[in-house]
Amino acid sequence: MDFLQSPAYEAVKQALSPFAVTEEAITVSNPDVKDVAAMLDRVKDQDYSLIIAFGGGTVMDTAKTLAMVIPAGVSGTAALRDFIVSGEYTGLQPIPWVGVPTTSGTGSEVTSWATVWDREKEFKRSCSWIRNYAVAAVLNPAFYSPVFTGFSP
């Protein structure tokens, strides 16, 4: 069952309903610099106090990348590519993020690096910054069990 169609997801939406929430679904595997840049264009003008990433490694990598590039003011594919390749993150204060895996095994919710593919240039890179660890990782079997049974916030 897809997490977005699970009772656990409905419970999470209910728990977050008092807050202003922007939802972005990620439908690709292994985030490409173009995919992340397109998402960044959709969300960059909003004021974030927290990013919550529900999903697997792709979702975590995308959330970690956005946590760094939104405060850096990066815009567009070329600028995002340059930002990742440069590794110049000193002084950057990422948006705090929480990792909530819905798959087992990537461990991306407890690392500071985010892998972004660049299929056009035929490589993958990781952006990593000591300040980009999750502020919390939530491991709840209700989120990654094949049945997605109940969740209580």
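**Close-up views of a predicted model**

Asn-30 is found in the loop between helix H1 (7-16) and helix H2, where helices (H or I, at least four residues) and strands (E, at least two) are DSSP runs numbered from the N terminus. This is a predicted model, in which local features need pLDDT of at least 70 and side-chain atom pairs count only at pLDDT 80 or more, while totals for chains, interfaces and linings use all residues. Residues are numbered from 1 along each chain as its sequence is written, and side-chain values use heavy atoms, with hydrogens and water left out.

View 1. Most residues other than glycine have a negative phi. Asn-30, however, has a phi near 60°, and Asn-30 is partly exposed, with a relative accessible area of 33%; buried means under 20% relative accessible area, exposed over 50%, and partly exposed in between (1.4 Å probe, protein chains only). Glu-122, in the loop between E3 and E4, also has a positive phi, near 60°, and Glu-122 is exposed, with a relative accessible area of 71%.

**View 2. The buried side of helix H4.** Within H4 (residues 77-86), the residues Leu-80, Arg-81, Phe-83 and Ile-84 are buried. These residues cover an arc of only 160° around the axis, which puts them on the same side of H4; the arc is that of the directions from the helix axis to the C-beta atoms. Their cover includes helix H2 (33-43), helix H3 (57-72), strand E3 (113-118) and strand E4 (123-128). Just after H4, Gly-87 takes a positive phi of about 70°.

**View 3. The largest nonpolar core.** A nonpolar core is a set of buried Ala, Val, Leu, Ile, Met, Phe, Trp, Tyr and Cys residues joined through side-chain atoms within 4.5 Å. The largest one has 29 residues, and those with the most contacts inside it are Ile-51, Leu-66, Met-68, Val-69, Leu-80, Phe-83 and Tyr-89. Two or more residues each are given to this core by H2, strand E1 (51-55), H3, H4 and E3, and H3 gives the most, with eight residues.

**View 4. Surroundings of Val-69.** Not counting residues up to four places away in sequence, Val-69 touches Leu-40, Val-74, Leu-80 and Phe-83, where contact means heavy atoms within 4.5 Å.
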